[in-house]
Amino acid sequence: CQSRAHSVAVLGAPFSKGQKRGGVENGPKAIRDAGLIERLSHLDYPVHDFGDLSFQYLEKDEPYMHVPFPRTVGRANKLLSGAVSNAVGAGHTTIMLGGDHSLAIGSVEGHAKQCPDLCLIWVDAHADINTPFTSPSGNLHGQSVAFMLKELQNKMPELPGFSWVKPFLSAKDLVYIGLRDVDPGEYDILKDLGVQYFTMRDIDRLGIQRVMEVTFHHLLSRKQRPIHLSFDIDAMDPSLAPATGTPVNGGLTYREGIWITEEIHNTGLLSVMDLVEVNPDLGASREAVESTASMAVDVIASALGQTREGGPITQESQTLKED
Ligand SMILES: N[C@@H](CSCCS(N)(=O)=O)C(=O)O
Ligand SMILES: [Mn+2]
Ligand SMILES: [Mn+2]
């Protein structure tokens, strides 16, 4: 597990069966079309585009309780886990492009195989910590964190397709930022487990700088360790990222979102980042889709070192000017 990787891997995960709305499988393409690779190529490290994974959609995949497509989602995440584990093992800082947020199960699990002491920062309007028993929708993109936590395993059923997932994360190694739509069952779990979280109201009270200071103290004061950032684009205010499946008013401003990712870059500890829930089919106009995908590119680029203050002239930027 590299503490300071010196190259970036981009991995597309065009997958949608963690929820019921079509189109989020086109998220990776929309983010690429918004210029992600180009933007990252101006930063400090080489970029390797691993392309998109191809997922199998199983024909016979009956719901378990009211949870749809459990075997398809479980299999997709097992494939993703291997791909993320390989990319991290090869020394890359890895960017996983979703696809719906159920993909975090495979992404974080695969990361933890290489970096068992990782910590997880979950930026999202939602807690995604329902169990199949508490979920109002059954959608697995709202249950991802429940599969990861050791403290929840006595509350989880044996879901078909997920027997490969052994819980690997402790509640103390998780921080939420941006919550504003939490289900009653999730609220009880967060309180019972004592999970550290910052709602949008906490951000209004403390300000985003203080939220990041407390987040890093909570996760890193005992020891520095790799960060997994799981960024759901619906954490951003819907005015900035409208093309997403579960928009919730009162989200992060552009500057709050970029402060979060700039500060995470400045720790030097970012190891894997998910950028999920961009759904190009849900934008009311081409502009709405483009602003959502562009927001995703800005968030990823600032997590990888793009700054608002610019940087010194380099051989590469000099060459670009001459082009
Ligand atoms: N809490 C709700 C909505 S979950 C929204 C999932 S996401 N990944 O944040 O868009 C549920 O569990 O169905
Ligand atoms: Mn989410
Ligand atoms: Mn969300």
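The six donor atoms around the manganese ion (ligand 2) subtend angles of 62 to 177°, which makes the arrangement irregular. Here donors are N, O and S atoms within 2.8 Å of the metal (3.2 Å for Na, K and Ca), and sites may look incomplete because water is not among the atoms. The structure is a predicted model, in which local features need pLDDT of at least 70 and side-chain atom pairs count only at pLDDT 80 or more, whereas totals for chains, interfaces and linings use all residues; side-chain values use heavy atoms, with hydrogens and water left out. Residues are numbered from 1 along each chain as its sequence is written, and chains are lettered from A and ligands numbered from 1 in the order in which they are written.

The manganese ion (ligand 2) is coordinated at 2.1 to 2.2 Å by His101 (ND1), Asp124 (OD), Asp128 (OD) and Asp232 (OD), and along the chain these donors follow the spacing H-x22-D-x3-D-x103-D. His101 lies in the loop between strand 3 and helix 4 (104–114) and Asp232 in strand 7, so the pair ties together parts that are 131 residues apart in sequence. Helices (H or I, at least four residues) and strands (E, at least two) are DSSP runs, numbered from the N terminus. His101 is buried, with a relative accessible area of 0%, and Asp232 is buried as well, at 2%; buried means under 20% relative accessible area, exposed over 50%, and partly exposed in between (1.4 Å probe, protein chains only).

Asp124 is found in the loop between strand 4 (119–123) and strand 5 (174–179), and Asp234 in the loop between strand 7 (227–232) and helix 8 (254–267), so the pair ties together parts that are 110 residues apart in sequence. Both Asp124 and Asp234 are buried.

Thr94, in strand 3 (residues 93–97), is buried at 0% relative accessibility. A polar atom of the Thr94 side chain lies 3.4 Å from the backbone oxygen of His92. When neighbours within four places in sequence are left aside, Thr94 is in contact (heavy atoms within 4.5 Å) with Ala9, Ala87, Val88, Ser271, Val272 and Met273.

In helix 5 (residues 184–193), the buried residues are Gly185, Glu186, Ile189 and Leu190. Seen down the helix axis, these residues fall within an arc of 135°, so they line one face of helix 5; the arc is that of the directions from the helix axis to the C-beta atoms. They pack against strand 5 and strand 6 (196–199), while the face turned away from the buried side carries the exposed residues Pro184 and Asp192. Just after helix 5, Gly194 takes a positive phi of about 65°.

Terms used
Polar contact = N/O pair within 3.5 Å; in protein donor to acceptor, adjacent residues only side chain to side chain. Tetrahedral: all angles 85-135°; square planar, octahedral: opposite > 155°, others 65-115°.
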